[in-house]
Amino acid sequence: MGEQKDRMLRGELYRDNDPELVADRRRAQALVDRFNGTGAEETGERDTILRELLGKLGEGSWIMPRFQSDYGYLIEIGANSFLNYDAILLDCAPIKIGSDCSIGPRCQLLTALHPMEDHELRRQRWESAAPITIGNNAWFGGGVIVCAGVTIGDDVVVGAGSVVTRDLPSKVFAAGNPARVIREL
């Protein structure tokens, strides 16, 4: 493994134009393009492609096209989970989705970070990433965005259009921009 990929996986600043990372993204893009090109009746082919792309796909889980990811191998999905149309999972750091989760259409799980204070590092295209973890039995309404470094507990419901910028404990309903706990479940 090269230095930039190692830095990315450790959550340190790295350059995404590294040839190894570019090759990894191209591999993922080819698989994502194949997946997104399947027909509605090709569920077996979709499953085969996802198992080649993702780090883990639990039994009975499925994703609807269109789907996008950076690397794929940093994504783990538990059993019986569902990602609806147009999911974007930018997996520069691990993304772990528990079992029995329902992720609504056009949801985004975004692990990438860019230097905020250091304008020169940002100009030079340095970036970092922080993992996203989603517990079991979560339900996200359409258009939810989960930001880098967020952990969401078990049995959480996130309202449509919410932007989750901080951790959410188990058994709550959260909504808004930024998302906040509305009530316990």
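Ala129 is found in strand β12, which spans residues 126–129; strands here are DSSP runs of type E of at least two residues, helices are runs of type H or I of at least four, and both are numbered from the N terminus. The model is a predicted one, in which local features need pLDDT of at least 70 and side-chain atom pairs count only at pLDDT 80 or more, while totals for chains, interfaces and linings use all residues. Residues are numbered from 1 along each chain as its sequence is written, and side-chain values use heavy atoms, with hydrogens and water left out.

With a relative accessible area of 6%, Ala129 is buried; the term buried denotes a relative accessible area under 20%, exposed one over 50%, and partly exposed the range in between, for a 1.4 Å probe and protein chains only. When neighbours within four places in sequence are left aside, Ala129 is in contact with Gly11, Tyr14, Cys92, Ala93, Thr111, Ala112 and Leu113, where contact means heavy atoms within 4.5 Å. A separation of 7.4 Å is found between the C-alpha atoms of Ala129 and Glu12, although these residues are 117 apart along the chain.

The chain as a whole contains 4 helices and 20 strands. Its radius of gyration is 16 Å, close to the 16 Å that the globule rule gives for 185 residues, so the chain is as compact as a globular protein of that length. The radius is taken over C-alpha atoms, and the rule is 2.2 Å times the number of residues to the power 0.38. The C-alpha trace spans about 45 × 45 × 20 Å along its principal axes. Of the 185 residues in the chain, 45% are buried. Among contacts between residues at least 6 apart in sequence, 27% join residues at least 24 apart.

The packing of two helices was examined next. Two packed helices are described by the angle between their axes and the distance between the axes. Helix α2 (residues 19–36) packs against helix α3 (residues 43–53) at an angle of about 165 degrees, and their axes are 9 Å apart. The angle makes α2 roughly antiparallel to α3. Axes are lines fitted to C-alpha atoms, for helices over the stretch in contact, and angles between N-to-C directions run from 0 to 180 degrees; those under 35 degrees count as roughly parallel, those over 145 as roughly antiparallel, those from 65 to 115 as roughly perpendicular and the rest as oblique. The crossing of α2 past α3 is left-handed, a term applied if the near helix is turned anticlockwise from the far one by less than a right angle, with right-handed used if the turn is clockwise. On the α2 side, Arg27, Ala28, Leu31, Val32, Arg34 and Phe35 take part, and they meet Glu45, Arg46, Ile49, Leu50, Glu52 and Leu53 in α3. The residues of this contact divide into 7 nonpolar, no polar and 5 charged. In this grouping Ala, Val, Leu, Ile, Met, Phe, Trp, Tyr, Cys and Pro count as nonpolar, Asp, Glu, Lys and Arg as charged, and the others, Gly among them, as polar.

Helix α2 also holds Asp24, which counts as buried at 15% relative accessibility. Beyond its neighbours within four places in sequence, Asp24 is in contact with Lys5, Asp70, Tyr71 and Tyr73. Asp24 and Gly72 are 48 residues apart in sequence, and their C-alpha atoms are 9.0 Å apart in space. Gly2, in the segment before α1 (3–9), is partly exposed at 23% relative accessibility. From Gly2 to Glu20 the sequence separation is 18 residues and the C-alpha to C-alpha distance is 7.0 Å.

In strand β5 (residues 75–77) lies Glu76, which is partly exposed at 34% relative accessibility. Residues up to four places away in sequence not being counted, Glu76 touches Lys56, Ile95, Lys96 and Ile97. The C-alpha atoms of Glu76 and Ile97 are separated by 6.1 Å, and the two residues are 21 apart along the chain.

Several loops show backbone features of note. Asn80, in the loop between β5 and β6 (82–83), has a positive phi of about 60 degrees although it is not a glycine, and is partly exposed at 43%. Asp86, in the loop between β6 and β7 (87–90), is likewise not a glycine and has a positive phi of about 65 degrees; its relative accessible area is 24%, which is partly exposed. The peptide bond from Pro65 to Arg66 is cis, with omega near -15 degrees, and Arg66 is found in the loop between β3 (62–63) and β4 (67–69). A cis peptide bond also joins Asn177 and Pro178, with omega about 0 degrees; Pro178 lies in the loop between β19 (172–176) and β20 (179–184).
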